[in-house]
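This report is for a reader new to the structure shown below. Please look over the sequence and the model before reading on.

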Amino acid sequence: MKLKFNNGIAFNYTVITSAVAVFSSLAVGLSAGFLSFYLGRESLKGVTSPQENPTQKINNNEDTNGGQIKKFKLMKEQTMLVTVYDYIKKNREESKVKEKSGK
């Protein structure tokens, strides 16, 4: 629908409504973003990162055998999986033996 004024300017309500909807959506999105940023920043104001590396505590622990320092080292995944598998298999076999002896 077009509306014409005396000076010859025509307004299209569909275009105006679409522009208002786009700009209002943009305004709401920007204001929500700024509000979220502000609230997140305020909530984390008192939070600080630790001053020391937690793994250094592990590295600096003394071993009970002879007072030697035991260094921290990561386990290989394969070794860990084999250990867990053996532990589970051993417990299953023990539970089967207990079931047979209990009957």
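The sections below cover the model and its confidence, the fold, the surface and a salt bridge.

## Model and confidence

The structure is a predicted model. Over the chain, pLDDT averages 81, and 72% of the residues score at least 70.

Where pLDDT is low, the predicted coordinates should not be read in detail.

## Secondary structure

The chain contains three helices and two strands. Read from the N terminus, the order of these elements is β-β-α-α-α. Helix H1 spans residues 13–43.

## Burial and surface

The chain has 103 residues, and buried residues account for 0% of them. Its accessible surface is about 10,200 Å². Carbon and sulfur atoms contribute 61% of that surface.

Which residues make a nonpolar surface patch? Val22, Phe23, Leu26, Leu30 and Phe34 do, and the patch covers about 570 Å². One of these residues, Leu26, belongs to helix H1. Leu26 has a relative accessible area of 49%, so it counts as partly exposed, the cut-off for exposed being over 50%. Its value is also over the 30% relative accessible area required of a patch residue.

## Salt bridge

How many salt bridges does a search of the whole structure find? The search finds one. The partners are Lys45 and Glu42, and their closest N and O atoms lie 3.2 Å apart. This distance falls within the 4 Å limit used for a salt bridge.

Are the two partners buried or exposed? Lys45 counts as exposed because its relative accessibility is 58%, which is over the 50% cut-off. Glu42 has a relative accessible area of 35% and is therefore partly exposed.

Notes. Residues numbered from 1 in each chain as written. Predicted model: local features only at pLDDT ≥ 70, side-chain atom pairs only at ≥ 80, totals over all residues. Heavy atoms only, no water. Helix = DSSP H or I, 4+ residues; strand = E, 2+ residues; numbered from the N terminus. Buried < 20%, exposed > 50% of the residue type's maximum accessible area, 1.4 Å probe, protein only. Areas by Shrake-Rupley, 256 points an atom, 1.4 Å probe, with all protein chains shown as cover. Patch = residues over 30% accessible without salt bridge, like charges linked within 9 Å, V, L, I, M, F, W, Y side chains within 5 Å. Salt bridge = Lys/Arg side-chain N within 4 Å of Asp/Glu carboxyl O. pLDDT = per-residue confidence, 0-100.
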